[in-house]
Amino acid sequence: MISKENLKKNWPIVAGACAALVAILGSISAQAVETAIGSDVSRSELRAITIESWDNDYTGGGYGWEAVTSADKVQTANQAQQPAPAGGAAPQNAPYEKAFANVMVEREVKLIPGTPGDIRDNVSYAAAKVYAVKFAFTFPGYNVVTLRPPRVDHYMIERPRPFLNEIALASDYKQPNCFKDTALSQYNNPNRPVMVDCLNGIDIPGVAKKVSVWVMGRGNEYELEGWIEDWRGNTHILKFGSVDFIGWRPLLVDIPNNVPQDVDSYQATKTLVFRQFKLRAKPTTSLETVYIFFDELRVLSDIFEVHFDGAALDFDRPDCERKNRLVTLIRQNARYPDHWPQAVDCSKAPGPAAPFQGPNQGGGGGGGTQ
């Protein structure tokens, strides 16, 4: 026990130690970013962002996302008796069947009105929908159901692979066109072939820390996974856990620190792409018909970008649009886009961009690019 006399006697030492401790803690918490115009107050801006609400159907067929199973390709007796198509090959771009059945499985997907009651903002939103999936397998086993965004412009992402550009220089290489609306592509220069991967998925803004999704289960013994792809092309599988519960529940998973998401250049963020969900069964899983519902795919993401003198200066319109990408991604998927900042007007590039004044402020067509 320190007496009052000792405290008074040693007060300068105690005060100096406290001041030093405060200075140390302040330096740890501030983590200032040095720029040409001084230090910023922080280098993180964590925000919870909805990247898919399933309120809008970009397929035109009322199903939002596709669902396929590990038993889809099994032929039925009727299919085996049908004559083979000309050339012996099945059509490459056959339309997706939202309701499908064969001797091994049946499945169906649709968007239906509804939302979890615990998300208060959604309850008052008249256009709220959820992604509904129904499926049943004939036999037990390691059955798998894959839920993925369709191959439409909204979910299409271009990923350049510059380390493979020598392949693009080959005389028989044909530059891929990822979008039906060719104006959305940033790699359509015929004089410089670039190796590009066309991904269908959802670009995740910023540096993601966690992913969550609301699931309404009915006590079925399946495990839920989320698959993400980093900017290097590597796939990472996130284990959300079991959906063996009844009612709405948010499932949350951390994104490991070893998943690459940034580099030492501006803009530093190399975004992840959310590719698909998978529902996995075990041989002991029951064979009853499964009804499962999804809503509000969200990320906890650091969307901080270092601001510096000259950051608003654009070399050309594609340069401006690349910097617009973060805001555009968020506004495209936000239930209330006006709560977020607007993208800038890139029509007058080069030069500093002006605030966007068009009728669809901050909106956009296809998926983001990297």
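This is a predicted model: local features need pLDDT of at least 70, side-chain atom pairs count only at pLDDT 80 or more; totals for chains, interfaces and linings use all residues.
Aspartate 230 is buried and yet forms no salt bridge, since the nearest side chain of opposite charge, that of arginine 232, lies 5.8 Å away. Aspartate 230 sits in the loop that runs between β13 (223-229) and β14 (235-242), and its side chain makes a polar contact with the side chain of histidine 236 at 2.7 Å. Once neighbours within four places in sequence are set aside, the residues in contact with aspartate 230 are Arg159, His236, Val259, Pro260 and Leu272.

The side chain of lysine 278 makes a polar contact with the side chain of threonine 146, at 2.7 Å. Leaving out residues up to four places away in sequence, lysine 278 touches Val144, Val145 and Thr146, and also Glu223, Leu224, Glu225 and Trp227. Lysine 278 and tyrosine 222, although 56 residues apart in sequence, have C-alpha atoms 9.5 Å apart in space.

| Side chain | Partner side chain | Distance |
|---|---|---|
| Aspartate 230 | Histidine 236 | 2.7 Å |
| Lysine 278 | Threonine 146 | 2.7 Å |

What covalent link between cysteines does the structure contain? A search of the whole structure finds 1 disulfide, which joins cysteine 178 to cysteine 198 with an S to S distance of 1.9 Å. The link between cysteine 178 and cysteine 198 is left-handed, with -75° about the S-S bond. Cysteine 178 lies in the loop between α5 (165-168) and β10 (196-200), whereas cysteine 198 lies in strand β10 itself, so the pair ties together parts that are 20 residues apart in sequence. Cysteine 178 counts as buried, with a relative accessibility of 8%, whereas cysteine 198 is partly exposed, with a relative accessible area of 23%.

For the protein chain as a whole, the secondary structure comes to 6 helices and 21 strands. Of the 370 residues in the protein chain, 40% are buried, and the accessible surface comes to about 20,900 Å², with 55% of that area belonging to carbon and sulfur atoms. Among contacts between residues at least 6 apart in sequence, 76% join residues that are at least 24 apart.

Definitions and conventions
Residues are numbered from 1 along each chain as its sequence is written. Side-chain values use heavy atoms; hydrogens and water are left out. Helices (H or I, at least four residues) and strands (E, at least two) are DSSP runs, numbered from the N terminus. Buried means under 20% relative accessible area, exposed over 50%, partly exposed in between (1.4 Å probe, protein chains only). Lys and Arg count as positive and Asp and Glu as negative; His and the chain ends are not counted. A salt bridge is a side-chain nitrogen of Lys or Arg within 4 Å of a carboxyl oxygen of Asp or Glu. A polar contact is a pair of N or O atoms within 3.5 Å; within protein, one must be able to donate a hydrogen and the other to accept it, and residues adjacent in sequence count only if both atoms are side-chain atoms. Contact means heavy atoms within 4.5 Å. Accessible areas come from the Shrake-Rupley method with a 1.4 Å probe; for residues, only the protein chains shown count as cover. A disulfide is a pair of cysteine sulfur atoms within 2.5 Å.
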